[in-house]
Amino acid sequence: MLFIAIARDGTDELAPSRRAAVRAKHLEGIAPLVEAGTVQLGGAFLNDAGEMTGSMMLIEAPTLESVRSMLERDVYTTGGVWQSLEITPFRIAVQAKDANHA
């Protein structure tokens, strides 16, 4: 089953530095999930200044609880970057042939 996860960073003045401090560990930790096809798409929300303010991921997993557990172990959660987490089941209705926009 597919899920969309939306994680919002804190809005305090130290939020960007918390994200920067653990970003490399986050990317390292999520890499095996991308390779396995669990995390199918992910990226950061940006504010008007181009600063990262949160994350969105398309995740394939058996249950919502398994997605929540995975994200609660992520260094962005344990490091205080993500302050809220919304997970909802998702069904793709349309998709571009070449959906790679990276």
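Leucine 58 counts as buried, at 10% relative accessibility (buried: under 20% relative accessible area, with a 1.4 Å probe and protein chains only). The model is predicted, with local features needing pLDDT of at least 70 and side-chain atom pairs pLDDT 80 or more, while totals for chains, interfaces and linings use all residues. Residues are numbered from 1 along each chain as its sequence is written, and side-chain values use heavy atoms, without hydrogens and water.

Leucine 58 lies in strand S3, residues 52-60 (strands are DSSP runs of E, at least two residues; helices are runs of H or I, at least four). Beyond four places in sequence, leucine 58 touches Leu2, Phe3, Ile4, Thr38, Val39, Gln40, Leu41 and Phe90 (contact: heavy atoms within 4.5 Å).

Serine 55 also belongs to S3. Serine 55 is buried, with a relative accessible area of 5%. The serine 55 side chain forms a polar contact of 3.1 Å with that of arginine 19. Another, of 3.1 Å, links the side chains of serine 55 and tryptophan 82. A polar contact is a pair of N or O atoms within 3.5 Å; within protein, one must be able to donate a hydrogen and the other to accept it, and sequence-adjacent residues count only if both atoms are side-chain atoms.

The largest nonpolar core has 17 residues (buried Ala, Val, Leu, Ile, Met, Phe, Trp, Tyr and Cys joined through side-chain atoms within 4.5 Å). Met57, Ile59, Val67, Leu71 and Trp82 touch the most other members. S1 (2-9), H1 (15-35), S3, H2 (64-73), H3 (75-78) and S4 (82-90) each supply at least two core residues. Beyond four places in sequence, the contacts of tryptophan 82 include Met57, Leu71 and Tyr76.

Technical notes
Buried < 20%, exposed > 50% of the residue type's maximum accessible area, 1.4 Å probe, protein only.
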